[in-house]
Amino acid sequence: MKILFVVSEVLPFSKTGGLADVASALPAALAGLGHEVKVVTPAYASVRAAKPEPLGVPLSLSFPAGTFHSELLSVSHGPNHQVLFLAQDALYDRPGIYGEGPWPYADNALRYAFLSVGALSAAQALGFAPDIVHLNDWQTGLAALALLRGYGDTPLGRARSVFTLHNLAYQGWFPKEQMDVLGLPWELFTPDGLEFYDQLNFLKAGVVWADALTTVSPTYARDIQTPEGGEGLHGLLRERAGALTGILNGIDTTTWNPATDVHLPARFHAGDLAGKAECRRALLSRFGLPAEAEGPLFVCISRMAAQKGMDLVLEVMPGLLSRSNARLVVLGSGDPELETAFRVLASRFPGQVGLQLGYDESLSHLVEAGGDFFLMPSRFEPCGLNQMYSLAYGCVPVVRSVGGLSDTVVDLSQPDGTGIRFDAFSAPAFERAVERAMALHADSTALEAVRRRGMVRDFSWGRSARAYEALYRRLVGTT
Ligand code: ADP
């Protein structure tokens, strides 16, 4: 099949979260299954370092706001996996991806309408007639609509669309006046169309008009059809339940494999964990903590955002640190208030808490490799990647039973347990989970068994890619 994959961030060119990991690994896995995949994404300033090659294919797209000229740049990852960058300097050549600091760019509606329509135009200009147009999150929602309305009698008209919801908390809401800026017809501004509480909602375009909807774990597919998890869209999602499936994300096992990881001072695998002890020492030293510290080493790598439940970490860990020899290492960035609270925590517990604020891909590998327990008390979690990295790296995850965390971590109480789960989003429930981690740490034989069980679980993209492939085949009618 020919697949056009449209997405707003792609590793290693741009990244703010797990979406970028998916946009790199899933197309690669699909290409590995023999499909021809073209990924289309903006040429942000950050992609320049990769020196993408100009294809000499000019595009121009007209909006009421003006006509925008663009060209296509490309990086090939093999004969059937190409990343195409939509170059439009006025829209994308900026320091940030969606904005800078807490401020989104004021013209994001136009920037991502441009991506949505530009991706389809790019395919057309290249003579690429996809069987499937795979769209991701609100930034690409309008492409589902554009495909239906603008390409009926072109080679793109026969493509079926798949819209993947990676995180329903971000929907791309804009003032309704943007309808005019983008030239969207007002008859679509209705509750069963683009309107959401009197605003324009990009995500809804994908939910309403895509042929199939997917989300990134089976549990999240159910969670989002409830008032608690639906972020205001549960009614619509329930109506489209027949078109919605949950397919668990995989992890990129070429970069996230402790046996071959280039970011680590020592490597290890389920059969020989000696290298993990060396990584632990390196991690402690890197954070200025005593390298031979014996107590459990808890770690977090996270966006500092309400979703991730970092407020529970702040609530529970001080007590635990005061009464034990536990250590905590945190790598994260985001909400300035949460960042400040972690700074205060680190200064209160020197020698016990290590903190790095900022984004550091390489360091994140060392944190997983060196950590004993990974804390992930999310309020909600579409899939989550860090708990899978943790399992692969023998860093036992402590997670809330929600979304993809429920689908990937088996509680210790089960014979095949790989981690620790808790249910209620509350400090006492999280504290009990952390105490269970302390108890497990005290029993080195049990700890090692749990670690090994997690390390041999298969979370590779091959399995997920086959599930997407089966969905695509159903849509194009070749099963
Ligand atoms: P989300 O996409 O909601 O942020 P995921 O767990 O799905 O959460 O994916 C987060 C990704 O971002 C992972 O690859 C994680 O390692 C990475 N990450 C998050 N914060 C940081 C950071 N400060 N430094 C390095 N990597 C980070």
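**Exercise 1.** In this predicted model, are Trp138 and Phe202 buried or exposed, and what kind of aromatic pair do they form?

*Solution.* 
Step 1. Buried means under 20% relative accessible area. Both Trp138 and Phe202 fall in the buried class.
Step 2. The total by the ring-pairing rule is 19 aromatic pairs. One of these joins Trp138 and Phe202, with 5.9 Å from centre to centre and 65° between the planes. Planes over 60 degrees apart count as edge-to-face, and the pair of Trp138 and Phe202 is edge-to-face.
Step 3. Now place the two residues along the chain. Trp138 is in the loop between strand 8 (132-136) and helix 4 (141-150), while Phe202 belongs to helix 6 (residues 202-209). The two are 64 residues apart, and the pair links distant parts of the chain.

**Exercise 2.** Describe the geometry of the pair Trp186 and Phe189, then explain why the two residues get their accessibility classes.

*Solution.* 
Step 1. Trp186 counts as partly exposed because its relative accessibility is 37%.
Step 2. Phe189 counts as buried because its relative accessibility is 15%.

**Exercise 3.** Which residues form one aromatic cluster, and which ring has Lys38 over its face?

*Solution.* 
Step 1. The cluster is made of Tyr44, Phe63, Phe68, Tyr92 and Phe114.
Step 2. Lys38 lies over the face of Phe128, 5.1 Å from the ring centre.
Step 3. There is also an arginine to note: Arg94 has its charged end over the ring of Tyr105, at 4.7 Å from the centre.

**Exercise 4.** Which residues come nearest to the ligand, and how much of the ligand's accessible area does the protein cover?

*Solution.* 
Step 1. The ligand has 21 residues around it, of which Gly18, Arg303, Lys308, Gly358 and Leu385 come nearest.
Step 2. Look at individual atoms. Lys15 has a polar side-chain atom 3.0 Å from a ligand oxygen atom. A backbone N or O atom of Gly358 is 2.8 Å from a nitrogen atom of the ligand. For Leu385, a polar backbone atom lies 2.9 Å from an oxygen atom of the ligand.
Step 3. On its own the ligand has 560 Å² of accessible area, and the protein covers 93% of that.
Step 4. Two or more residues of the shell come from each of helix 1 (18-32), strand 15 (297-304), strand 16 (327-334), helix 12 (361-370) and helix 13 (386-392). Strand 15 gives the largest share, 3 residues.
Step 5. Sorted by class, the shell holds 6 nonpolar, 9 polar and 6 charged residues.

Technical notes:
Residues are numbered from 1 along each chain as its sequence is written. This is a predicted model: local features need pLDDT of at least 70, side-chain atom pairs count only at pLDDT 80 or more; totals for chains, interfaces and linings use all residues. Side-chain values use heavy atoms; hydrogens and water are left out. Rings of Phe, Tyr and Trp (its six-membered ring) pair if their centres lie within 6.5 Å; planes under 30 degrees apart count as stacked, over 60 as edge-to-face and the rest as tilted. Helices (H or I, at least four residues) and strands (E, at least two) are DSSP runs, numbered from the N terminus. Buried means under 20% relative accessible area, exposed over 50%, partly exposed in between (1.4 Å probe, protein chains only). A charge sits over a ring if NZ of Lys or CZ of Arg is within 6 Å of the ring centre and within 35 degrees of the ring normal. A residue is near a molecule or strand if one of its heavy atoms lies within 4 Å of it. A polar contact is a pair of N or O atoms within 3.5 Å; within protein, one must be able to donate a hydrogen and the other to accept it, and residues adjacent in sequence count only if both atoms are side-chain atoms. Accessible areas come from the Shrake-Rupley method with a 1.4 Å probe; for residues, only the protein chains shown count as cover. Ala, Val, Leu, Ile, Met, Phe, Trp, Tyr, Cys and Pro count as nonpolar, Asp, Glu, Lys and Arg as charged, and the others, Gly among them, as polar.
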